[in-house]
Amino acid sequence: MVSLTADMSPLHPDRNLALELVRATEAAAIRSVPFIGRGKKELADGAAVDAMRAFLTTVNFDGVIVIGEGEKDNAPMLFNGERVGTGRGPQCDIAVDPIDGTTLTAEGRNNALSVIAVADRGAMLDASTVFYMDKIVTGPEGVGVVDIRLPIAENIRRLAKALGKPVEELVVSVLNRPRHAQLIDEIRDAGAGTRLMSDGDVAGGINAARHNARTDMCVGVGGSPEGIVTACAIKALGGHIQGRLWARDDDEKQRGIDAGLKLDDHVYEADDLVRGNNTLFVATGVTNGELVAGVRRVGDFVYTESVVLRGASGTLRRISSEHLTSKWL
């Protein structure tokens with residue numbers, strides 16, 4: 001099998017998969033610019049989806065969308081099972097979120113991203129029948145230390161000890177949702193601080209796993225697509241991630257069971273979410289955030305910032321690009 005993370009071949013220097021995927025996330029991010037702060041998240045998502053799909057058709061791989069985004073709110077989407085790429089090159093599973101944080105984009109707030117995650121064919125968990133997942137994410141210090149089955153207060157104490165700092169200095173990211181009211185209270189009662197996210201739990205998870213970020217842990221129920229995407233990034237960061245599928249009702253639970261998924265508090269470890277380390281995670285900022293800067297338009301130019309995380313090498317690379325406005329907007 002052709003390695004997803006192989007270095008550029010001298011025979012095909014223009015076929016580096018990571019750089020080709022960056023073009024797709026850049027396109028999605030740039031096309032969403034006219035809708036930032038305009039209150040029209042469906043239009044932003046639709047523009048990003050169309051741009052990402054157009055660029056993915058040019059990428060030299062045989063990709064299948066294993067898990068996409070959009071079904072839970074009837075938004076436009078790259079649909080599950082859709083074939084992308086030229087059909088030549090490595091056979092890949094793809095997880096996409098043309099905009100992780102459509103509401104953030106529509107309201108002009110921070111931390112919206114355009115993301116793609118790639119792994120070998122058959123490596124990604126297909127959790128598309130259950131839209132939500134309870135997750136816990138930390139940096140490398142949390143490996144073998146925290147466990148999603150433990151009370152959050154115990155995980156906070158364990159992680160603080162592993163990090164060598166007081167509990168009072170720990171910061172835990174949580175999506176600000178009514179379902180998390182008790183969880184937020186328990187975090188604060190344990191002595192840690194919270195960073196409440198309105199949306200964008202991919203960025204929240206990655207920031208919790210980075211060594212120089214301002215958060216130490218990301219917990220709570222978010223999207224299952226975001227869980228798969230985040231797991232690909234965590235492979236490169238050496239961090240810890242676990243997930244439990246969270247069905248909203250009995251019908252969704254049965255659909256998950258019929259699809260072969262394990263529910264009833266079954267814990268999916270990192271290698272259950274994405275097998276192996278032959279992964280790529282690519283993200284371009286739509287709006288400004290801690291992970292990457294957002295798209296910036298200055299006169300005749302549009303500026304983007306992206307990150308590429310490679311599981312096999314454990315590297316995070318930043319790519320800053322300058323685009324002619326006339327070609328895009």
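Let's start at Val33. Val33 touches Val295 and Leu329, leaving aside residues up to four places away in sequence. Touching, or contact, means heavy atoms within 4.5 Å.

A word on the source. This is a predicted model, where local features need pLDDT of at least 70, side-chain atom pairs count only at pLDDT 80 or more, and totals for chains, interfaces and linings use all residues. Numbering starts from 1 along each chain as its sequence is written, and side-chain values use heavy atoms, with hydrogens and water left out.

Back to Val33. Where is Val33 placed? Val33 lies in the loop between α1 and α2. Helices are DSSP runs of H or I with at least four residues, strands are runs of E with at least two, and both are numbered from the N terminus. Val33 and Val171 are 138 residues apart along the chain, and 31 Å separates their C-alpha atoms.

The axes of α1 (residues 17-31) and α2 (residues 41-56) come within 7 Å and cross at roughly 155°. That makes α1 roughly antiparallel to α2. Axes are lines fitted to C-alpha atoms, for helices over the stretch in contact, and angles run from 0 to 180 degrees between N-to-C directions. Under 35 degrees counts as roughly parallel, over 145 as roughly antiparallel, 65 to 115 as roughly perpendicular, and the rest as oblique.

Which residues meet? From α1, they include Leu21, Ala24 and Ala28; from α2, they include Ala48, Met52 and Phe55. By class, this contact of α1 with α2 has 10 nonpolar, 1 polar and 2 charged residues. Nonpolar means Ala, Val, Leu, Ile, Met, Phe, Trp, Tyr, Cys and Pro; charged means Asp, Glu, Lys and Arg; the others, Gly among them, are polar.

Second pair. The axes of α6 (residues 201-209) and α7 (residues 224-237) come within 9 Å and cross at roughly 20°. So α6 is roughly parallel to α7. Among the residues that meet are Val202 and Ile206 in α6, and Val229 and Ala233 in α7. The contact of α6 with α7 divides into 7 nonpolar, 2 polar and 2 charged residues.

Next, the sheet. Its 6 strands form an open sheet in the order β7-β6-β8-β5-β9-β10, with mixed pairing. Strands pair if DSSP finds at least two bridges between them.

Ile136 has Val219 in β8 as its bridge partner. Helix α4 (residues 152-163) lies across β5, β6 (171-175) and β8, and runs at about 140° to β8.

Last stop, α8. Gly260 follows α8, and the phi of Gly260 is positive, near 90°.
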